[in-house]
Amino acid sequence: MNKKTIIKLGFLIAIIGGLLYWFLATRQTQNEVIVTVDNSLSSDKVHIEFGFYSINSGSDQNLSKIGFDKVIFSGHPKGDFETICGENDFFVTYDNEYYTILRHFIPNDFYDGIPKPHKYNFDFKKYNGKIHLKLNIVGPDGEIIEKELVKVSDANDNIWGRQINKTK
């Protein structure tokens, strides 16, 4: 190879690298997690995991022991996470004593198949000795979900944070 060819090849690689960097840097796929608590609670005791949980899994006992693969908040945000079209589940615990499971369903985007980013606002409040969570999801598939956290010690009798109806 002569010197001109090497310079042209280097220039071409630099342009392609710059365009790739620009594409990845400007891509807005980062979801954001914000956790607020009232004065009687501590955000340091909040732990949020992201994944998928099948309703066919039986009781919540196994989930309460092993959790999900991706920790997105544990006293503070743990980095970005990507949602998918379909079921996006959150396993939320407070002080390893209370928990709930939440699902954010994102419908399929037939144009590019990648969901736009969302802002997940987890707001914890204590009422009458019980911890309540209001999840306000801001974004193209936003919604508000309210749940009461239940005791982890009762996970064997619960499914999706609710008592299993046992009929004889």
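Four strands form an open sheet in the order S1-S6-S7-S8, and their pairing is mixed. Strand S1 (32-37) and strand S8 (143-148) are the edge strands, each pairing on one side only. The model is a predicted one.

- Strands of a sheet pair through backbone hydrogen bonds, and the pairing is either parallel or antiparallel.
- S1 and strand S6 (residues 119-127) run parallel and are joined by six bridges.
- Val33 has Tyr120 as its bridge partner in S6.

**The nonpolar patch**
- Met1, Ile6, Leu9, Leu12, Ile13 and Ile16 make a nonpolar surface patch of about 650 Å².
- Ile6 lies in helix H1 (residues 3-26).
- The relative accessible area of Ile6 is 48%, so this residue counts as partly exposed.

**Two residues with positive phi**
- Most residues other than glycine have a negative phi.
- Asn96 is not a glycine, yet its phi is positive, at about 55 degrees.
- Asn96 sits in the loop between strand S4 (86-94) and strand S5 (98-106).
- Asn96 is exposed because its relative accessible area is 68%, and the cut-off for exposed is over 50%.
- Trp160 also has a positive phi of about 55 degrees, although it is not a glycine.
- The loop between strand S10 (158-159) and strand S11 (162-163) holds Trp160.
- Trp160 is buried because its relative accessibility is 12%, and buried means under 20%.

Notes:
Residues numbered from 1 in each chain as written. Predicted model: local features only at pLDDT ≥ 70, side-chain atom pairs only at ≥ 80, totals over all residues. Heavy atoms only, no water. Patch = residues over 30% accessible without salt bridge, like charges linked within 9 Å, V, L, I, M, F, W, Y side chains within 5 Å. Areas by Shrake-Rupley, 256 points an atom, 1.4 Å probe, with all protein chains shown as cover. Salt bridge = Lys/Arg side-chain N within 4 Å of Asp/Glu carboxyl O. Buried < 20%, exposed > 50% of the residue type's maximum accessible area, 1.4 Å probe, protein only. Pairing = 2+ DSSP bridges.
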